Amino acid sequence: TKYNQINMIKHLKNTTLSILVLSLLFLFSCSDDDESSSSELDDVEFAFSPENPPIDQSLITTLSSSGDPNAAQIAANLQSANAMTAWSSFFQQPAGAVKVESLIGSCSGSSVAYTYSEAVQGDTYTLTYEICETASDYIFQIYISQNGSTPSLFMYSEQAKSGNQGFLEVYLSSLLDITDEEIDLTIRYDWVVNSDGSFQFTVADNQSGFIITVNVNADNSGDVEYVIDGDLFYEATWNADGTSGTYTYYNTDGAVLDS
């Protein structure tokens with residue numbers, strides 16, 4: 001039990017770090033979109049946004065406001081999926097962005113790239129936003145440079161043109177310029193929308209196998225699993241309107257601690 005608690009705290013702290021770092025570049029994501037458009041790729045949008053999150057926000061609100069701590073735990077896990085939309089705001093061309101001809105990353109097919117800079121607490125951050133197109137996918141890339149340093153890959157996403165599946169990786173180490181393995185953190189989100197309207201979403205980091213898997217049915221009912229270091233730590237279910245459900249906690253031997 002102590003092992004599970006320590007590891008859950010460690011991974012939750014890492015996930016929190018990824019959200020806190022976002023505030024460093026808040027000026028990028030709150031700018032207005034550039035109204036000009038010179039190619040079809042300029043109009044390509046990332047699959048999710050704060051207005052269109054992966055999980056119905058009203059379901060999360062119902063669970064979190066129920067007064068039941070176990071429902072609140074489910075809500076917190078579902079909110080970790082919706083937290084991805086904070087990063088998605090970077091996949092926009094803000095006012096003042098300058099279109100550039102050459103790409104930093106390699107990508108086959110047609111492409112478009114923009115660069116823009118902001119001063120944040122005495123440092124100048126330059127972001128280069130690239131969209132590439134293959135036969136079936138859109139590829140989104142964000143590179144970041146601090147005070148003129150060599151650009152590092154900050155965000156990378158591949159998304160089916162249908163929007164029904166894809167993934168997003170956020171490389172926190174490139175943003176923080178930190179090589180310490182303890183906080184060399186990459187967050188990855190994956191999603192799949194099935195033909196029956198059901199939806200699977202995962203969020204994971206690159207340390208020790210932390211992963212949250214959310215399955216949502218077409219009627220909004222679903223289940224969630226929380227795995228740490230390959231061990232199932234927690235699982236839960238909820239009904240369509242979020243008013244009832246189940247939960248189970250496990251130890252590292254797979255025995256039930258509480259349900």
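## Aromatic contacts, strand pairing and confidence in a predicted chain

R188 lies over the face of F167, at a distance of 4.0 Å from the ring centre; a charge is taken to sit over a ring if NZ of Lys or CZ of Arg is within 6 Å of the ring centre and within 35 degrees of the ring normal. The model is a predicted one, in which local features need a pLDDT of at least 70 and side-chain atom pairs count only at pLDDT 80 or more, while totals for chains, interfaces and linings use all residues. Residues are numbered from 1 along each chain as its sequence is written, and side-chain values use heavy atoms, with hydrogens and water left out.

**Overall make-up and confidence**

The protein chain holds six helices and 13 strands, where helices (H or I, at least four residues) and strands (E, at least two) are DSSP runs numbered from the N terminus. Of its 259 residues, 44% are buried, buried meaning under 20% relative accessible area, exposed over 50% and partly exposed in between, with a 1.4 Å probe and protein chains only. The accessible surface, from the Shrake-Rupley method with a 1.4 Å probe, comes to about 12400 Å², and 48% of this belongs to carbon and sulfur atoms. Among contacts (heavy atoms within 4.5 Å) with a separation of 6 or more, 43% are between residues 24 or more positions apart.

The pLDDT, which is the predictor's confidence in each residue from 0 to 100, averages 79 over the protein chain, and 78% of the residues score at least 70. Confidence is lowest in helix α1 (residues 2-22), with a mean of 44, and highest in strand β12 (residues 245-250), at 95. Over residues 1-28 the pLDDT stays under 50, and the model has 58 contacts beyond four places in sequence for this stretch.

**Aromatic pairs**

Rings of Phe, Tyr and Trp (its six-membered ring) pair if their centres lie within 6.5 Å, with planes under 30 degrees apart counted as stacked, over 60 as edge-to-face and the rest as tilted.

| Pair | Centre to centre | Angle of planes | Class |
|---|---|---|---|
| F46 and W191 | 5.7 Å | 80° | edge-to-face |
| Y247 and Y249 | 6.0 Å | 70° | edge-to-face |

F46 counts as buried at 8% relative accessibility, and W191 is buried with a relative accessible area of 1%. Y249 likewise counts as buried, at 19%. Ring pairs also link F46, F48, F140, Y189, W191, F199 and F201 into a cluster.

**Strands and loops**

Two strands pair if DSSP finds at least two bridges between them. Strand β1 (residues 98-100) pairs with strand β2 (residues 111-120) in the antiparallel sense over three bridges, and V100 has A113 as its bridge partner in β2. Strand β2 is also joined by 10 bridges to strand β3 (residues 123-133), and these two run antiparallel, with Y116 standing opposite L127 in β3.

In the hairpin of β2 and β3, which has two residues between the strands, Q121 takes a positive phi near 50°. N220, in the loop between β9 (211-216) and β10 (222-228), has a positive phi near 85°. D229 has a positive phi near 55° and lies in the loop between β10 and β11 (231-238), where D229 is partly exposed, with a relative accessible area of 25%.
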